[in-house]
Amino acid sequence: MDRVVITIKGSQKGPDGQVEKVNLMFKGRYTCKGSKHYLRYDDRKLVPKEIVSTTIKLSEEEMVILRHGAVETEQRFLLGQKTRAEYHTPYGLMELVMSTRLLTVDFQADSGEARLQYS
């Protein structure tokens, strides 16, 4: 596994139409097995004073986000499809339905990028 810096940029639109920007950086690890790319990092920002171990598994067809710790979930994103997930938090359980509109994955020898758009 290679040590990497993982940057997550995004935006979320609330029901009132207000857009909130997200820009996070983590030190993590990267590995590639076959055609699948794996990013692993400890998220100390998701739940205050807790560590959430996060793995992002990427391929041409799907993105899977696995979280363990104060938050437990397995979110699967498949282009053009609706998927479901249970999102366990210290505040209770949320059931999520995600509809993936865009998923691109592009990894080179020394960098990579994935784009995800969903509602």
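Hi everyone, let me start with a term: helices (H or I, at least four residues) and strands (E, at least two) are DSSP runs, numbered from the N terminus. With that in hand, aspartate 43 is found in strand β3.

Before I go on, a word on what you are looking at. This is a predicted model, where local features need pLDDT of at least 70, side-chain atom pairs count only at pLDDT 80 or more, and totals for chains, interfaces and linings use all residues. Residues are numbered from 1 along each chain as its sequence is written, and side-chain values use heavy atoms, with hydrogens and water left out.

Let's stay with aspartate 43. Is aspartate 43 buried or exposed? At 4% relative accessibility, aspartate 43 counts as buried; buried means under 20% relative accessible area, exposed over 50%, and partly exposed in between, using a 1.4 Å probe and protein chains only. Which residues does aspartate 43 touch, once those up to four places away in sequence are set aside? They are Phe26, Glu50, Ile51, Val52, Thr54 and Arg67, where contact means heavy atoms within 4.5 Å. Also, a polar atom of the aspartate 43 side chain lies 2.9 Å from the backbone nitrogen of leucine 46.

Now to charges. Side chains of opposite charge can pair when their charged atoms come close. A salt bridge is a side-chain nitrogen of Lys or Arg within 4 Å of a carboxyl oxygen of Asp or Glu. How many salt bridges does a search of the whole structure find? The count is 4.

One of them joins aspartate 43 to arginine 67, with the closest N and O atoms 3.6 Å apart. Aspartate 43 lies in strand β3 (residues 36-43) and arginine 67 in strand β5 (residues 62-69), so this pair ties together parts that are 24 residues apart in sequence. Like aspartate 43, arginine 67 is buried.

Another salt bridge brings together arginine 76 and glutamate 62, at 2.8 Å from N to O. Here arginine 76 sits in strand β6 (residues 72-78) and glutamate 62 in strand β5, so parts 14 residues apart in sequence are tied together. Arginine 76 is partly exposed, with a relative accessible area of 27%, while glutamate 62 counts as buried at 14%. Glu62 and Arg76 also belong to a network of salt bridges that includes Glu74.

Arginine 115 and glutamate 113 meet in a salt bridge too, at 3.2 Å from N to O. Arginine 115 counts as partly exposed at 48% relative accessibility, and glutamate 113 is partly exposed at 44%.

Back to strand β6, which also holds glutamine 75. Glutamine 75 is buried, with a relative accessible area of 7%. Its C-alpha atom is separated by 5.5 Å from that of alanine 85, 10 residues away along the chain.

Last topic: the nonpolar cores. A nonpolar core is a set of buried Ala, Val, Leu, Ile, Met, Phe, Trp, Tyr and Cys residues joined through side-chain atoms within 4.5 Å. The largest has 14 residues, and Leu39, Tyr41, Ile56, Leu58, Met63, Ile65 and Phe77 touch the most other members. Elements giving two or more residues to this core are β2 (19-33), β3, β4 (52-58), β5 and β8 (92-107). Which element gives the most? That is β8, with 3 residues. Apart from this core lies another, of 5 residues, among them Val47, Val52, Val71 and Tyr87.

Note on methods:
Polar contact = N/O pair within 3.5 Å; in protein donor to acceptor, adjacent residues only side chain to side chain.
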